[in-house]
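Take a look at the fold below. We will walk through it step by step, starting from a pair of strands.

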Amino acid sequence: MGYMLSLILLALLAHATSISCQNILEQRLNIIILAGQSNMAGRGGVANHSVRGIPTWDGDVPPQCQPNPWIFKLSADMAWVEAREPIHADIDVKKTNGIGPGMAFANAVLSKDPNFGLVGLVPCAIGGTHLSQWQKGGFLYEQLVKRAQMALRSGGAYKAMLWYQGETDTIYKQDVELYQGRLKRFFNDLRSDLQAPRLPIFQVGTKVDMTENT
């Protein structure tokens, strides 16, 4: 009797999971865009392999980044799939990806508001990129807009963008001096092209001291 009950429960669970995946596009998606460079793409747990000497992800997923049946991601081929670390594995394909802030952010939102609904992450980050590469007309910008618009067509609404970028722009003083203007223009262009003038953008900021020792 106990064995039969277990089989029935497993069958019901599998059926419920299947229905959930099939009907994702019938539910309202809360779209969160992930953009920037390596720290957004995810380098947590990535280190040079002791033998081969190449970057390798250790495969360790902390509790706050674990998969959640309410969190999906838009894959590189524009399909909604269950979100799992490393989120950017099929986006930042020239680098080794590990843990980033996307899953932790989504799980934190859901823990604060259990009624928030389905989360649709849209990964777009590419490691080692300059802010100038994210300006309107460039490949990264146009790809971001394309993916974000495709996510919106699936149903739902933009809720936020996480922006984690800037390390590459600290190498040359000119890039530092132009950063604020470029960033403001990027944010304004993006909100305009997505027709989301009030899109919340969460940015990780780093203070850089450009003074030289004398």
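In which sense do β1 and β6 pair, and over how many bridges? The two strands run in the parallel sense, and six bridges join them. One point of reference is L29, which stands opposite L118 in β6. Keep in mind that this is a predicted model.

Now look at how β6 is covered. In a regular strand, side chains alternate between the two faces of the sheet. In β6 both faces are covered. L118, G120 and V122 are buried on one side. V119, L121 and P123 are buried on the other. Six of the six residues of β6 are buried, so the strand is largely enclosed by the rest of the structure.

Step back to the whole chain. The protein chain holds five helices and eight strands. Along the sequence they follow the pattern α-β-α-β-β-β-β-α-β-α-β-α-β. The chain has 214 residues, and 38% of them count as buried.

Next comes helix α4. It spans residues 139-153, which makes 15 residues. From its first C-alpha to its last, α4 reaches 21 Å, close to the 21 Å expected at 1.5 Å a residue.

Which residues of α4 are buried? They are L140, Y141, L144, V145, R147, A148 and A151. These residues cover an arc of only 170° around the axis, which puts them on the same side of α4. On the other side, F139 and R153 are exposed.

Finally, turn to the aromatic rings. The count comes to seven aromatic pairs. In one of them, the rings of W163 and F186 have their centres 4.8 Å apart and their planes at 50°, so the pair is tilted. W163 lies in strand β7 and F186 in helix α5, so this pair ties together parts that are 23 residues apart in sequence. Are these two residues buried or exposed? W163 is buried, with a relative accessible area of 0%. F186 is buried as well, at 1%.

W163 has another partner. The rings of W163 and F187 have their centres 6.4 Å apart and their planes at 85°, so the pair is edge-to-face. This pair also links distant parts of the chain, with W163 in strand β7 and F187 in helix α5, 24 residues apart. F187 counts as buried, at 12% relative accessibility.

W134, Y141, W163, F186 and F187 form one aromatic cluster. Y141 brings us back to α4, where it is among the buried residues.

How values were computed:
Residues are numbered from 1 along each chain as its sequence is written. This is a predicted model: local features need pLDDT of at least 70, side-chain atom pairs count only at pLDDT 80 or more; totals for chains, interfaces and linings use all residues. Side-chain values use heavy atoms; hydrogens and water are left out. Helices (H or I, at least four residues) and strands (E, at least two) are DSSP runs, numbered from the N terminus. The expected span of a helix is 1.5 Å times one less than its number of residues. Buried means under 20% relative accessible area, exposed over 50%, partly exposed in between (1.4 Å probe, protein chains only). The arc is that of the directions from the helix axis to the C-beta atoms. Two strands pair if DSSP finds at least two bridges between them. Rings of Phe, Tyr and Trp (its six-membered ring) pair if their centres lie within 6.5 Å; planes under 30 degrees apart count as stacked, over 60 as edge-to-face and the rest as tilted.
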